[in-house]
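Reader: I would like to go through the terms used for this model. Please tie each one to its definition.

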Amino acid sequence: MIERTLVLVKPDGVQRLLVGRIIGRFEERGLKIVGLRLVAVDRGLAETHYAVHREKPFFPGLVAFITSGPLVAMALEGPNAIGVVRSMVGATRPHEAAPGSIRGDLALETAQNLVHASDGAETAAAELALWFAPGDLVDYGRDVDRWVLAPAD
Ligand code: CMP
């Protein structure tokens, strides 16, 4: 099933000059970028995005971190994109993330784990709507899709 999902390259990824490499990993896999923004996140957006963690002890630090500098928000599309992207990102705690995953290769600390990715279909829909206006997501075809995607029935 063709899905869309949200990925954030967090402020640590921007500051560590890893934006291009991280986007490149998704591109190389065949996922299609259908939305892309550099965002200086304000407190309201940060608190809404991480509302599920509002009661956690790390919440104030998480909001401070995510508002500490610009991040890159992207919408990715592809077959089973939500699960594919989650597995490429790796476990939340980088010391548990498999080598070969983004966190497993590039991160060490949970608080600075480089990337956020939607964890399910409902979350993806809500997070995409939070970070992108409907007109910001672009439908387009790629010539390479005939080598990446299964032919339509
Ligand atoms: P993310 O996938 O963006 O979803 C929630 C974020 O909270 C998570 O990545 C981490 O960056 C952060 N987080 C989760 N647990 C902790 C923790 N124990 N301490 C600090 N930050 C955490």
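Author: Start with helix 7, which gives four residues to the lining of the largest pocket, the largest share. Helices here are DSSP runs (H or I, at least four residues) and strands are E runs of at least two, numbered from the N terminus. The model is predicted, so local features need pLDDT of at least 70 and side-chain atom pairs 80 or more, while totals for chains, interfaces and linings use all residues. Residues are numbered from 1 along each chain as its sequence is written, and side-chain values use heavy atoms, without hydrogens and water.

Reader: What makes a residue part of the lining of the largest pocket?

Author: A pocket is an open set of points on a 1 Å grid over the protein atoms alone, where a 1.4 Å probe fits, with protein on both sides within 12 Å along at least five of seven lines; a lining residue has an atom within 4 Å of a point. By that rule 25 residues line the largest pocket, and Y50, H53, L62, T92 and H116 lie nearest its centre.

Reader: Which elements give two or more residues to that lining?

Author: They are helix 3 (43-49), helix 4 (59-66), strand 4 and helix 7 (121-131).

Reader: How do you know that V85 is in contact with other residues?

Author: Contact means heavy atoms within 4.5 Å. Leaving aside neighbours within four places in sequence, V85 meets that limit with T5, V7, F26, L31, L76 and A117.
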